[in-house]
Each structure stands twice: as structure tokens, then as C-alpha cells.
Amino acid sequence: MSLSPLAAIRFEQGDIDGFLDNIAQTLTASGLRIRGAVQTRGAEAGECHCADMDLTTLGSDRTFRISQPLGNGSHGCRLHPGALAECSAFLERELEHGADLLILNRFGRGESEGRGFRDLMVKAIALDIPVLTAVRPTYAQDWSEFGGDAACDLPMDDAAILHWLATVQQARNAA
């Protein structure tokens, strides 16, 4: 198993948000300090007929609305970069108090363009905190370029995630 401190779950479909939340709950119940954010979607409503998107932080349960309605005639909602930046700053402050793992809902378009949670991931690694995220095939190449030798890919499987983290923690403790 890889000792890479950056790991991404490759996924195309399925409830990745529920999966990440379950992993966080399992690890928290085992006594680990988990920080990060998972995404939830509300019911489709409002003028733009899209679902609200929220990020709920792990360990503090603070919620950030990261979608913004574009109004009548729009076919979707747009990511609110200010809210995402606010969530990232909040999480960075939490990491300063220590964590055993940072879980982030996606490595997506923003991260592939140098924004989003990208700087937060770098900060976590600098603080010796491993990072678990998820990536769709569309952004897999950008993920590989960002992470280089420090990154690995994992399946959407509880046992694989838990084994990866245990291996990374053992390496950290041995150093």
C-alpha cells in the first residue's frame, strides 16, 4: 500500500459524499481527529430549478452554502467561489489545532485551475496531515499533475481507505 499522504478516490457515479461522510464517522468513532468538508444537496427549488449545494465541515458541523442561484432562465446553479474560499479559510484555521486526516469532497475544476481547496491541501501536507479527496475522470490528469509522487489513487472501498490511512500513520509515527 502506498505511503502517499495525498489520496483520491476515483469515482464516476455513486454517492461519494455519503461514502466520505461514513468514512469520517468511522474514523472519528475510533478516536481520530478528522477535519474537512463533505457536500450535501438540497431539494431542487427556486428560480433556477437547481439543488442547493452545501459543504458541512467535519468535526465542527459548520455549513457553507457553496451554490448561488443564477435566476430565471438558467439551467443550473453556479459554484459560489467566495463561500468556498470562506470554507477553506475556516478549515485552515482548524488544521492549525491539529488533525489526523483532512477529508475534502472533491478535487474538481477549481482545484485543477489552482483554486478551490488546492492551497488547503498543500497546507495540510506541510503540517504533516494526510489528505483524502475524490476525483472524477475529467480531472484525473490534473490530480496526477498536482499530486505527483506524493499522491495515490484509491478505490471507493472502506477497507482500502482504512488500510491506506493506517499505513500512512505508521510511517509518520516511525519517522
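**Figure 1. The crossing of helix 1 and helix 6 is right-handed.** This view is taken from a predicted model. Helix 1 covers residues 16–29 and helix 6 covers residues 158–174. The two helices pack with their axes 11 Å apart, at an angle of about 50°.

**Figure 2. Residues of helix 1 meet residues of helix 6.** From helix 1, the residues in this contact are F19, I23 and L27. Their partners in helix 6 are D158, I161, L162 and L165. By residue class, the contact of helix 1 with helix 6 consists of six nonpolar residues and one charged residue, with no polar residue.

**Figure 3. G31 lies in the loop between helix 1 and strand 2.** Strand 2 spans residues 34–45. G31 is exposed because its relative accessible area is 58%, and the cut-off for exposed is over 50%. D100 is 69 residues away from G31 in sequence, yet the C-alpha atoms of G31 and D100 are 9.7 Å apart in space.

**Figure 4. D61 has a positive phi in the loop between strand 3 and strand 4.** Phi of D61 is near 55°, and D61 is a residue other than glycine. For comparison, most residues other than glycine have a negative phi. D61 counts as exposed, since its relative accessibility is 61%.

**Figure 5. D128 also has a positive phi, in the loop between helix 4 and strand 8.** Helix 4 covers residues 118–126, and strand 8 covers residues 131–135. The phi value of D128, a residue other than glycine, is near 65°. With a relative accessibility of 42%, D128 counts as partly exposed, because this class lies between the cut-offs of 20% and 50%.

**Figure 6. The protein as a whole has six helices and nine strands.** This last legend gives the setting for the close-up views. Of the 175 residues in the protein, 46% are buried. Among contacts with a separation of 6 or more, 65% are between residues 24 or more positions apart. The protein has an accessible surface of about 8,900 Å², and carbon and sulfur atoms account for 47% of this surface.

Conventions
Residues are numbered from 1 along each chain as its sequence is written. This is a predicted model: local features need pLDDT of at least 70, side-chain atom pairs count only at pLDDT 80 or more; totals for chains, interfaces and linings use all residues. Side-chain values use heavy atoms; hydrogens and water are left out. Axes are lines fitted to C-alpha atoms, for helices over the stretch in contact, and angles run from 0 to 180 degrees between N-to-C directions. Helices (H or I, at least four residues) and strands (E, at least two) are DSSP runs, numbered from the N terminus. A crossing is left-handed if the near helix is turned anticlockwise from the far one by less than a right angle, and right-handed if clockwise. Contact means heavy atoms within 4.5 Å. Ala, Val, Leu, Ile, Met, Phe, Trp, Tyr, Cys and Pro count as nonpolar, Asp, Glu, Lys and Arg as charged, and the others, Gly among them, as polar. Buried means under 20% relative accessible area, exposed over 50%, partly exposed in between (1.4 Å probe, protein chains only). Accessible areas come from the Shrake-Rupley method with a 1.4 Å probe; for residues, only the protein chains shown count as cover.
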